[in-house]
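Hello,

Here is the structure I promised to pass on to you. Please have a look at it first, and then read my notes below.

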Amino acid sequence: MVGTALALLPVTASAHARLTGSDPAPGVVLDHLPATVNLFFSEPVTPAGRGISVYRPDGHLAQTGPARAQGSRLSVALAGGTDGTYAVVWTVIAGDTHPSRGEFTFSVGHASQVRAPGQGQGDVGLVAPIGLFLQALGRLMHFAGFALAFGATTYGLFVARVPGPLRLAGAGVALLLAAEPISLIAQTASLDPTQTFDGDALTSMLASPFGRVLALHVAAALVLWALLGALRQAPWLRWAIPALGRALAAVDATAAHAAPSLAPPLGLALNALHVSAMGLWLGGLAAFAVAPADGFGRVATWSAGLLVVSGAALALLHFANPLELMTTAYGLSLLVKLPLVAAALVLAWRGRRRWELAALLSVVAAAAFLVSLPPPR
Amino acid sequence: MKRLHYSWVVAGVTFLTLLAAAGFRSTPSTLIVPLQQEFGWSRATISLAVAINLVLFGLFAPFAGGLMERFGVRRVVLAALLTVSAGSGLTVFMREPWQLDLLWGVVVGVGTGSMASVLAAIVANRWFVRRRGLVLGALTAAGATGQLIFLPALAWLAVNVGWRASALLVAGAALLGVPAVAFLMRERPADVGLRAYGASEADEPAPPLRNPLRATLGGLALGVRNRNFWLLSISFFICGASTNGLIGTHLIPASMDHGLPEVTAASLLATIGIFDVAGTMISGWLTDRMDSRWLLFWYYGLRGLSLLFLPYAFGIQYFGLILFIVFYGLDWVATVPPTVALAADTFGKRNLGVVYGWIFASHQLGAAAAAFGAGAVRTYFGDYQIAFMTSGLLCLLAAGLVIRIGGARRQEKKAAPLPAPSY
């Protein structure tokens, strides 16, 4: 099953798609309206909805149809139009499922007032703030569900060897499933909050790489639910649960920021390790509250150690210079996260398990924001 | 040398009838793209006719059983053949979508449904005492495989001659069956001065069926109060949705979307049909030896994973698709023997027929829902990815459902599996 899940993974190395160039360039004044508008991105993209919307000076659409993607180029054909300033709004999904949007203008003949819907104003991390918030919420629920579904069961089955923590797995499955609708509307809200529940927007999202990751997330939750039922008759199947957890962590890794300057398989492994260690520590803690056992200290030490080492490696890879900690939203979120990690470690060392759990949950919440923001590189 | 027992002649005629009826039923899936091209109808519109056809193929069977008791097997089958012939032949003149729904959906659905599983059960019960299970198994396999193996020829006709040729072929083949059934089919062994095959004097002739309508409704009343009935029905709904409904109806148009020629795509389905025979036999053998819940758990689990793999399989062209075909074929109706065995365990052999009839109806409702749903998804979203992934996820859900089938009073050793309902 793990093998199949791994075979399903799209091997992509990518982060949020950024606009690297365009034809026509932003702000230029042209003599004639060009036949097409071409946008160039930092990586291959899937258009979301129309992909590109070009608005005429009178506020109506200037194009003949939706945009077409060719690798990292997105282009749209234009019908005729009058002189004045045109607004170009783009909405795309990157190979790692992250949405991004932006806009610029160009003019024909002379500049004029822009009558396009003012999108991209006040964006955080290339998306609308409400969308970013929903993305982070969906990821928090997913991570917490992951921890309960796999970390808590691993602790219950292999460390404490009592059935109590298995009850948490049911809640984990529910959280994993509930996270997906939130993540879905987070995608549409990120690109255009007014179109959050638009049928076309939602379905184009499901047909994109995001839809495949969503399906695999739901699949992992359902397989776990089936395994929990099977466990009563076949206790040996318990080995499948950590294996499934690792497969889901690998799926998450494809939807996380790929580490630059690292071969894609290594980056994926590092990401998957980070998520797995988080699940083991957080889920183990929750299960410890239900059924304390002596073995937990060792689990916590190992998982915390792996978490810190893999996390540090990922952070170092994403920053080109230390200043970016202060100048980017990604860096600022990391600055919030680091003291929380330190607090969790101190509380763990002193054996204050409840406070440790609270600190660790806030770390995961910070991480959920971090993963939703574009890294500096 | 002993003369061939007449029971085998009847079984042979029935086998061919079931094979042909299943083939007639499946014809519309080779016509989806040609009809779309000629009339400009959407996939959703065309899929609605397939959905009606699938529902009636399943739901008309219990009522056909009643008709056979009242008017005789031979007359009902003759009428059904003429109905199919008329329904299929008249499509040549159709102009509007409602005519497609009426002809391919209602007329052909009722006609083929009258020749489906009930016919197999009645013939096996009346004519065989010894080898009854084998005959029932062969007749059931004819019904499942017949829906797949004719597709390449039908697709070839639709592509090279036109969809009207396929429709006329079906009409002609149904007419050809009329004299064969008229001359060779007999009601009961007594009509040709024989006893049922392997029957001794002590064996009573097969008792006439109870009033089928009342028995059918009684089976439903018995079922709905039982948790296992719901678990089996929902998982079988998912089974129908993921086989006949989704793959049987839409694999051909989906492959064509990805640039495969129609005949190649139909051959893929026919290959599924061949692996299906092997898979069903292996599954019957396993059902005698292992816990049916575990068999279903693995069947549904693996089917779900292969459906989730399908959108990627189209990306890596033939190799991935062939892998999918082999895997899916083995799993196609492999779910039937364990499901029947579980139903028999829960409700007892005496009630199996009627209760299983309803579980099977759920299968056909699932098939119809998926046939229409996937067509609608393709029409509105422009791609089958969402449909394939949804059914893959549903299969995983089914795996979780079947493993929770209770329980406490199930005997360790299961009764011998029956491959089809015995009405």
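Chain A of this predicted model holds 11 helices and eight strands. Its radius of gyration is 23 Å, close to the 21 Å that the globule rule gives for 377 residues, so chain A is as compact as a globular protein of that length.

How much of chain A is buried? Of its 377 residues, 52% count as buried. I also looked at how its contacts run along the sequence: among those between residues at least 6 apart, 70% join residues at least 24 apart.

Now to the place where the two chains touch. Chain B brings 19 residues to the contact, and chain A brings 15 residues. On the chain B side, helix H13 (292–315) and helix H16 (385–402) each supply at least two residues. The largest share of that side comes from H16(B), with nine residues. Sorted by class, the side of chain B that touches chain A has 13 nonpolar, four polar and two charged residues.

One more helix in chain B is worth a look. Helix H6, residues 117–127 of chain B, is mostly covered, with nine of its 11 residues buried. Which residues of H6(B) are buried? They are B:Ser117, B:Val118, B:Leu119, B:Ala120, B:Ala121, B:Ile122, B:Val123, B:Ala124 and B:Trp127.

Enjoy exploring it, and write back with any questions.

Best wishes

Note on methods
Residues numbered from 1 in each chain as written. Chains lettered and ligands numbered in written order. Predicted model: local features only at pLDDT ≥ 70, side-chain atom pairs only at ≥ 80, totals over all residues. Contact = placed C-beta atoms within 7 Å. Helix = DSSP H or I, 4+ residues; strand = E, 2+ residues; numbered from the N terminus. Nonpolar A, V, L, I, M, F, W, Y, C, P; charged D, E, K, R; others polar. Buried ≥ 20, exposed ≤ 12 C-beta atoms within 10 Å, placed from the backbone. Rg over C-alpha atoms; globule rule 2.2 N^0.38 Å.
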